[in-house]
Amino acid sequence: MENALQVKDLCAWFGEHQVLKNITMDIRRNSVTSVMGPSGCGKSTFIRCLNRMHDLTPGFRVAGDVLFDGRNIYSEKIDPVLLRRKVGMVFQQPNPFPRMSAFENVAVGLKFNGKKRTRSEMAEVVEKSLRMAALWDELKDHLDRPGTSLSGGQQQRLCIARALAVEPEVLLMDEPCSALDPVSAAKIEELIEDLSDKYTIVVVTHNMQQAGRISDFVAFFLLGDLIEMDKAAKIFTNPADRRTEEYITGRFG
Amino acid sequence: MGIFGYLLWVLPMKRFSAWAGAAALAMIFIPVVVRTTEEMLRMVPQSVREAALALGIERWKTTLFITVRTATAGIVTGILLAMARIVGETAPLLFTALGNQFWQEGLDQPIAAVPLQIFSYAISPYEDWHDKAWAGAVVLIGMVFLISACARYFTRVKK
Ligand SMILES: Nc1ncnc2c1ncn2[C@@H]1O[C@H](COP(=O)(O)OP(=O)(O)O)[C@@H](O)[C@H]1O
Ligand SMILES: [Mg+2]
């Protein structure tokens with residue numbers, strides 16, 4: 001199937017406050033889709049709907065469908081735990097597990113997902129994940145250092161490696177660079193581009209240049225509505241909606 | 001607490017015993033540990049729980065293996081503080097374990113305890129016994145110190 005995720009008429013509420021209004025979009029497999037829009041327009045809420053991260057938020061409610069591999073993730077039959085192994089997430093603030101070494105941080109998802117693995121199998125997955133996250137060369141001699149002792153950019157790549165280790169199909173990233181310095185951010189960007197060969201990536205950003213560099217598709221949100229979604233080139237050169245144009249030319253937001 | 005222990009265990013069992021002493025101390029110990037543990041778990045940032053959740057780790061495993069691990073230092077500290085607190089308790093033991101100058105015959109018998117020994121030596125009229133009470137105090141401090149040192153050792157960040 002061409003689309004990894006299909007969102008149909010998705011609405012979301014925190015209590016009485018409606019945060020997402022009838023969002024419908026398809027997310028193409030093995031591509032980078034950027035979600036843009038001014039703060040508070042529901043970007044984080046939206047991507048957290050894609051792996052049911054809101055399940056534990058009191059007062060949160062959704063309506064509509066999110067199809068992953070053609071199946072509605074909000075149906076009774078879907079186990080959110082298994083879903084999240086397929087649809088991983090990287091957060092705005094790097095959040096390696098405290099009191100765990102870098103190695104353990106990457107291995108932790110595997111350790112708890114039921115299958116028994118030997119030490120060497122584990123080491124193999126950790127190495128592979130760290131390589132994919134472009135962290136192996138820097139870290140291979142320091143795998144026993146606490147994850148939290150790394151630099152911010154390294155921590156974020158460690159979190160990416162940690163997410164990759166459980167072999168997801170989709171990677172959701174909520175402003176993964178906004179807490180990082182420009183050099184670290186550039187590394188993450190490069191990484192996103194590399195990973196999009198194998199993974200479907202949805203990334204929230206409000207950095208226009210960054211979205212331009214990394215995205216295949218851009219979705220523009222405003223106050224809980226999806227204003228438009230199209231190929232990145234189209235959005236940045238010739239958006240269909242005046243509000244999108246105003247946003248990308250910096251007239252508001 | 002001592003009198004409570006006396007009423008609850010010593011009277012029904014009709015004798016002072018090590019068990020009664022242990023139970024009385026546990027009644028001080030357990031609530032302190034439970035309360036600090038709860039507090040420490042609450043202090044683990046939400047981002048840690050979210051990270052585990054996003055990896056497809058079940059909630060109970062997240063709590064048991066990740067949240068608790070994140071809070072280990074705090075929890076162990078809580079346990080040790082509670083231990084240090086009860087190590088020096090004399091009054092509850094006076095009413096429950098009583099103290100014993102002789103060879104221990106079993107845990108259902110009165111038992112000796114350092115604080116009790118210090119207490120009985122210190123209230124005695126003999127200079128010599130006073131010295132022994134001081135020695136006991138040193139032993140007690142040494143034990144507390146040892147407990148803290150162990151705590152330090154076990155809660156250090158693994159290299
Ligand atoms: N846990 C929550 N409880 C209640 N309201 C929330 C919660 N999270 C977000 N919101 C509200 O939802 C709206 C969208 O927030 P969010 O999705 O975080 O926006 P963005 O990521 O685009 O900045 C905001 O008005 C915010 O106040
Ligand atoms: Mg946000």
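**Exercise 1.** Classify A:Glu2 as buried or exposed, then describe its salt bridge with A:Arg28.

Solution. Step 1: A:Glu2 has a relative accessible area of 53% and is therefore exposed; the classes are buried under 20%, exposed over 50% and partly exposed in between, with a 1.4 Å probe and protein chains only. The model is predicted: local features need pLDDT of at least 70 and side-chain atom pairs pLDDT 80 or more, while totals for chains, interfaces and linings use all residues. Residues are numbered from 1 along each chain as written, chains are lettered from A and ligands numbered from 1 in written order, and side-chain values use heavy atoms without hydrogens or water.

Step 1: The closest N and O atoms of A:Arg28 and A:Glu2 are 3.9 Å apart, which meets the salt-bridge criterion of a Lys or Arg side-chain nitrogen within 4 Å of an Asp or Glu carboxyl oxygen.

Step 2: A:Arg28 lies in strand E2 of chain A and A:Glu2 in the segment before strand E1 (3-14), so the pair ties together parts 26 residues apart in sequence. Helices (H or I, at least four residues) and strands (E, at least two) are DSSP runs numbered from the N terminus. A:Arg28 is partly exposed, at 31%.

**Exercise 2.** Locate the partners of the salt bridge between A:Arg29 and A:Glu169.

Solution. Step 1: The side chains of A:Arg29 and A:Glu169 meet at 3.9 Å, N to O. A:Arg29 lies in the loop between E2 and E3 of chain A and A:Glu169 in the loop between helix H6 (152-165) and strand E7 (170-174), so this bridge ties together parts 140 residues apart in sequence.

Step 1: Both count as partly exposed, A:Arg29 at 27% and A:Glu169 at 26%.

**Exercise 3.** Describe what surrounds A:Ser31.

Solution. Step 1: A:Ser31 sits in the loop between strand E2 (17-28) and strand E3 (32-36) of chain A. Step 2: A:Ser31 is buried, at 4%. Step 3: Beyond neighbours within four places in sequence, the contacts of A:Ser31 include A:Tyr199, A:Asp216 and A:Phe217, where contact means heavy atoms within 4.5 Å.

**Exercise 4.** How many residues of chain A and of chain B are in contact?

Solution. Step 1: 25 residues of chain A are in contact with 24 residues of chain B. Step 2: The buried area is about 2,200 Å², 64% of it from carbon and sulfur atoms; this is the accessible area (1.4 Å probe) that the two parts lose on being put together, summed over both. Step 3: On the chain A side, A:Phe97, A:Arg99 and A:Phe112 lose the most area to chain B, together 33% of what that side buries. Step 4: Three salt bridges are counted between chain A and chain B. B:Arg69 and A:Glu104 meet in a salt bridge at 2.8 Å, N to O.
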